[in-house]
Amino acid sequence: MERTWRWFGKNDRITLAMLKQIGVEGIVTALHDVPLGEVWTREKIHELKTYIEGCGLRWSVVESLPVTETIKYAGPDRDQQIEVYKESMRNLAAEGIHTICYNFMPVLDWARTDLLHANPNGTSNLYFSIPEFAYFDIHILKRAGARESWADFKTLGPDGKPNGRNILKEVDELAKNMTPEKDHALIENIVIKTQGFVSGNFKEGDEHPVELFRELLQLYRGITRDQLHENMKYFLEAIMPVCRECDMYMCVHPDDPPFQILGLPRIVTCDDDINWFLQAVPDKHNGLTFCAGSLSAGAHNNVVELARKYASRTWFVHLRSCHVFPNGDFTEASHLGGRADLIELARIFERTNPALPMRVDHGMTMLGDEARGYNAGYSFLGRMLALGQVQGILATVDRELGIAYKQPGFFD
Ligand code: DNO
């Protein structure tokens, strides 16, 4: 697989020169300064692409070209927004970029409750506590029907079987010890720091993120799972002619976490879901971002089986792995451990297509990363260690499979 890295543009403290030193070949990025819903012009794309190439790298994948909420809930201006999307796609293709990662998650992109959860070795990782998230929903967001929905929520143990956890009881316990400061920290973690850099919906510095959140949730009132399916199909069918015309590969990112939250339908969480959207629009340009991390956070998923089944429609891979605790909470595991089995995944994807772009995802925060203001999950040293581990896996697997590969940047 092509060794790529998510880079947040020229303001990223991690420079392209640093990435070259650690064996990165391709860049995954976006025009982070273009407001949500506006066209990415050819000039802007060209400018960033030239900058990347000037540093000896290539712009391999766009992550993300965001699908605006109006397309997801079928608002009155969705067709206009789809036209904007198509124009950006054409401009990207004209500049030689042919892979787009996007998601179809309503309101909330990825979610975690703790961004610096201590590991036994003194590093920290992202963590999702189901009761803390439920507390946010019930006591901070105060969503109508939240309590009832958490009463029905079935948590799964690592074996994928319901573990009988009583979330509401834990939320009530938690509520006794929460303070305004702790509430604030939870809002920062769930809304600001995780969404801030990935979606145009929320930004660092938003003064009333919770109110904003409620307004966005309102837009989805009455949108069922079937309706969201319809809306995704409508979007994909509308853009497919452009994909064919300019050979653009669309890769939807699975929902993270891969289960239903906040009363919103989430439709890319498991085998049936993936099967559904691939069949609904059976064109090779409608494909998947195989995010091993998001999929492994769901104890209902067998990640290796999913990879075997869907490798032929995967155009981009995120390599990371989650650990699911007996109570159903999850955290990021080492890239050599956890539920995802990255070694087997590397075999599957190398066999299918050794040129497939892959990036390591969500590294640990370690050895001073915490003081450097990186985006949550996107540390430098932690991700560099993960990339080193993954490069080792790939070198071994390539040897097994007889695939020739030369690590760039060396004399041999
Ligand atoms: C989180 C990321 C996601 C991803 C988007 C793609 O770290 O994996 O935010 O970029 O969902 O649209």
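Accessible areas here come from the Shrake-Rupley method with a 1.4 Å probe, and for residues only the protein chains shown count as cover. I looked up the total for the protein chain: about 17,100 Å², of which 52% belongs to carbon and sulfur atoms.

Notes on the source. I am working from a predicted model, where local features need pLDDT of at least 70, side-chain atom pairs count only at pLDDT 80 or more, and totals for chains, interfaces and linings use all residues. Residues are numbered from 1 along each chain as its sequence is written, and side-chain values use heavy atoms, with hydrogens and water left out.

Whole chain. I find 15 helices and twelve strands in the protein chain (DSSP runs numbered from the N terminus; helices are H or I, at least four residues, and strands E, at least two). The radius of gyration is 20 Å, close to the 22 Å that the globule rule gives for 412 residues, so the chain is as compact as a globular protein of that length (taken over C-alpha atoms; the rule is 2.2 Å times the number of residues to the power 0.38). Of the 412 residues, 58% are buried (under 20% relative accessible area, 1.4 Å probe, protein chains only).

Thr-70. I placed this residue in helix H3, residues 69-73. Thr-70 is buried, with a relative accessible area of 7%. Its side chain makes a polar contact of 2.5 Å with that of Asp-77 (a pair of N or O atoms within 3.5 Å, one able to donate a hydrogen and the other to accept it; residues adjacent in sequence count only if both atoms are side-chain atoms). Leaving out residues up to four places away in sequence, I list Gly-75, Pro-76, Asp-77, Arg-78 and Gln-81 as touching Thr-70 (heavy atoms within 4.5 Å).

Note on methods:
Buried means under 20% relative accessible area, exposed over 50%, partly exposed in between (1.4 Å probe, protein chains only).
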